[in-house]
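Subject: Handing over a structure

Hello,

Here is the structure I said I would pass on.

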Amino acid sequence: MTENQETTETTETYEVIVVGGGAAGLSAALVLGRARRRTLVVDAGEPRNAPSAHMQGYLSRDGMSPAEFLAVGREEIARYGVRLVRDRAVDAVRDPDGGFGVVLAGGRTAHARQLVVATGLKDELPPVAGVAERFGRDVLHCPYCHGWEVRDRAFGVLATTPMSVHQALMVSQWSEDVTLFLHTVDRNELSGDDVRRLAAAGVAVVPGEVAGLVVDDDRLTGVRLVDGTVHAREVLFVAPRAVPRNGLLRRLGAELRDTPFGAYPVIDERGLTTVPGLWAAGNASGFAEQVVNAASRGYRAGAAINGDLLLADLDAAVRV
């Protein structure tokens, strides 16, 4: 059955349900499908990297567009009988038999012995005029993802917390022309080490709140302060606020740990949460998972799940 085919069933049963159709979810599903596990992927179609025209640093896939990457992944899991539905998981409960029930927005309820949450996170951008519209083009957040493509241009870094100093220092590896706009950060919030390192890296520091971006011919040309001053810049780096999509994990009682980047589940090295049978992968398990890391996390979880299911079935056979 293809992802576009409908079913008249309102309740469906699988061995594994994967919520999230990004790199982590598809990777887990690929491993499980190849292991002949009846697997369902629920994909709401909201990948974090959708604004980006390309992804970098993934060996053999460097420069591929995120949309193409996901399309290839969907084709691959389909070869092994994995079913993908375009829907949103709105609730999850623990079944009496120890499995999981996942309620979809479309009205279906799917059940499985194991559940992988690979719902990722959402980036909340600073409320500065023009930032959201340019994000993924010349407003960027990750130098490892985009630094090479914009190297040697005039960089700006929009500070939102004193931690933005670290971002400014990092991007100075890709350009010798970097300006840190303090925006809502007071200069007094910078430590002595911050000031010395910025100077050593040649990063200019500009106080004052940023009002918006200057765009000409569909390209960033400057950063405008509230006092009207315009600083010529070609690229602006920002640090979005990460909002983990951890609703399903919370509903199922997984233990979460607070970090400066949101609350993420406590997991073991395989991705198993504190709830038996409940797994987390990709950016649902941590803030800093790039595409290649997320795919690795998904692969590891998929292999571990298959092993756990196999041993559980063998132990049950022995008891009989």
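Below is what was found, taken topic by topic. One caution before that: this is a predicted model.

**Helices α1 and α2**

Start with helix α1, residues 23–34, and helix α2, residues 66–78. They pack at an angle of about 20 degrees. Their axes are 9 Å apart. Angles under 35 degrees count as roughly parallel, so α1 and α2 are roughly parallel to each other. Their crossing is left-handed.

Which residues meet here? On the α1 side they are A23, L26, A29 and L30. On the α2 side they are F69, L70, G73, R74, E76 and I77. The residues of this contact divide into 7 nonpolar, 1 polar and 2 charged.

**The sheet**

Next, look for an open sheet of 5 strands. Its order is β8-β15-β9-β10-β11, and the pairing is parallel. The edge strands are β8 (139–140) and β11 (204–206). Each of these pairs on one side only.

β8 pairs with strand β15, residues 235–237, in the parallel sense over 2 bridges. Within this pairing, L140 stands opposite F237 of β15.

Helix α5, residues 164–171, packs on the sheet. It touches β9 (155–158), β10 (178–181) and β15. The direction of α5 makes about 165 degrees with that of β9.

**Helices α5 and α6**

α5 also packs with helix α6, residues 192–201. The angle is about 20 degrees, and the axes are 10 Å apart. That makes α5 roughly parallel to α6. α5 passes α6 in a left-handed crossing.

In α5, the residues that meet α6 are V165, A168 and L169. Their partners in α6 are D194, R197, L198 and A201. The contact of α5 with α6 divides into 5 nonpolar residues, no polar ones and 2 charged.

**Aromatic pairs**

How many aromatic pairs are there? The count comes to 4.

Best wishes

Definitions and conventions: Residues are numbered from 1 along each chain as its sequence is written. This is a predicted model: local features need pLDDT of at least 70, side-chain atom pairs count only at pLDDT 80 or more; totals for chains, interfaces and linings use all residues. Side-chain values use heavy atoms; hydrogens and water are left out. Axes are lines fitted to C-alpha atoms, for helices over the stretch in contact, and angles run from 0 to 180 degrees between N-to-C directions. Helices (H or I, at least four residues) and strands (E, at least two) are DSSP runs, numbered from the N terminus. Angles under 35 degrees count as roughly parallel, over 145 as roughly antiparallel, 65 to 115 as roughly perpendicular and the rest as oblique. A crossing is left-handed if the near helix is turned anticlockwise from the far one by less than a right angle, and right-handed if clockwise. Contact means heavy atoms within 4.5 Å. Ala, Val, Leu, Ile, Met, Phe, Trp, Tyr, Cys and Pro count as nonpolar, Asp, Glu, Lys and Arg as charged, and the others, Gly among them, as polar. Two strands pair if DSSP finds at least two bridges between them. Rings of Phe, Tyr and Trp (its six-membered ring) pair if their centres lie within 6.5 Å; planes under 30 degrees apart count as stacked, over 60 as edge-to-face and the rest as tilted.
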